[in-house]
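Please look over the sequence and the model together before reading on. This short report takes up a few backbone and surface features one at a time.

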Amino acid sequence: MPAGFQQLGGETLTGTFVLSVFTAVLGSLEFGYNIGVINAPQKIIEQEYNATWAHRYGEPIPAGTLTSLWSLSVAIFSIGGMLSSSCVGFASEWLGRRKAMLINNMFAFIGGSLMGLSKLCRSFEMMILGRFIIGAYCGLASGLTPMYVGEIAPTSLRGALGTLHQLAIVTGILIAQILGLESLLGVEDLWPILLGLAVVPAVLQMALLPFCPESPRFLYIVRCQEHQAKRGLRRLTGRQDVSAMLAEMKEEKRKMDMERKVSILELFRSPLYRQPIIISILLQLSQQLSGVNAIFYYSTSIFMKAGVQSPVYATIGAGVVNSAFTVVSLFLIERMGRRTLHMAGLGGMCVCAVVMTTALALLDSVPWMSYVSMLAIFGFVAFFEIGPGPIPWFFVAELFSQGPRPAAMAVAGFSNWTANFIIGMCFQYVAELCGPYVFLIFAALLLFFLIFTFFRVPETRGKTFDQIAAAFHQDSVGGMMDMDMDLDKPSTELDYLGEESIN
């Protein structure tokens, strides 16, 4: 086997391909880091807000104003993501996948710099603006990364490589939690460095992206640049003869040219796209409305009641479980399939939510129920990372062919960020109203998503983009069952590596 080539899951992977995937998921790492980085230094940053207010106005900041400023600092991240995620389709088509990721890093650099310098400049406005800009970066990255990886990945590894997006997110969250410890950067003098470190993945991605090829599928089907597409395919596959791969893309381009340009409105108007876009939206909602954010909200208080001396370390432990089971999902995704894993995750989370409700309700009268609560937390997080965590991000890219994919990714991303924002704004009030029984609401939602997945979501494992799109031409559920027939024709540009290139 030539130097620089590796085998994974029966596929031959080149160094260029590995570099391209690694570089792309740096955006996901940045995304996760900025989700987790704001939680640990909350009290310290609030003290800095108070000091800034006192410096300006000569009096302590009113409690209501401080709460509002902090809430805005947290929530504006989601607002930035909501707005930018709706532009994923436009940016990826206008600039291309690679260049869009490259330019997007400017948002991360500017946002991270503003947050890191906010203490020096005595400006909470810089902090809030930085959170908004970094949120805009994450909104674009949440769509561009799965799109790029999905388009360059061979069909047999598309699910496993798509899971890397979620793995990088939870790894970023875990890194932020660890660095936010008081023994590291979670102290008064060092928290600006903690926030400013957000620029590191962005700078690294900017340095590596020029060495990565643009998506050959995008170059050939969208830009009609056959020569550049051939060159990209040769770099990614290590093969000089890429005619078979181009033949497949020509067929997809021929079919796409017969269709009108797909806009976001057309996704909902056309019977051909309506069903897959509804599936895409509900898959994204199943992630955000699953209650996983609520679990992390409750985890610290539950760990304290269980007698854990440092609940922050137990919360980090939950983050380790988060990352570990994302790795488990990576290895299971191509063996068990997307649909099966998603249903297993939803079902497990539903059971854990019911156990959590029971344990919290009995916590005062039955002290050992706190340990049941801890196990339920770890179980909930584990099942989340098996299914609803990683799968919705790349499932959308699989349900659509090249033409409607950017618009579909924009709609799905906007749905995810909107649900994220709603949960962030409303959960605390609902939790105060319902107490521990708030998890019954999530259990009911999880049961609904489980039933929907069982009846309406197709299995896409081992199916080409063309085959998946063709299945939705059918008007009934029986049409989706056709996807489980013997459809072995390779379709993605890397899928033609085949056994002869391995042997």
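## A loop residue with a positive phi

Where is the place of Arg-122? In this predicted model, Arg-122 sits in the loop between H5 and helix H6, the latter covering residues 124-152. Its phi is near 50°, which is a positive value in a residue other than glycine. Most residues other than glycine have a negative phi.

## A second case

Cys-224 also has a positive phi, near 60°, and is likewise a residue other than glycine. Cys-224 belongs to the loop between helix H10 (216-222) and helix H11 (226-237).

Ile-103, Met-106, Phe-109, Ile-110 and Val-203 make a nonpolar surface patch of about 410 Å². Helix H5, which spans residues 97-117, gives the largest share of this patch, with four residues.

Phe-109, one of the patch residues, is found in helix H5. Since its relative accessibility is 37%, Phe-109 counts as partly exposed.

## The chain as a whole

The chain contains 24 helices and two strands, and 57% of its 503 residues count as buried. Its accessible surface comes to about 20500 Å², and carbon and sulfur atoms account for 67% of that area.

Among contacts between residues at least 6 apart in sequence, 80% join residues that are at least 24 apart.

Terms used:
Residues numbered from 1 in each chain as written. Predicted model: local features only at pLDDT ≥ 70, side-chain atom pairs only at ≥ 80, totals over all residues. Heavy atoms only, no water. Patch = residues over 30% accessible without salt bridge, like charges linked within 9 Å, V, L, I, M, F, W, Y side chains within 5 Å. Areas by Shrake-Rupley, 256 points an atom, 1.4 Å probe, with all protein chains shown as cover. Salt bridge = Lys/Arg side-chain N within 4 Å of Asp/Glu carboxyl O. Buried < 20%, exposed > 50% of the residue type's maximum accessible area, 1.4 Å probe, protein only. Contact = heavy atoms within 4.5 Å.
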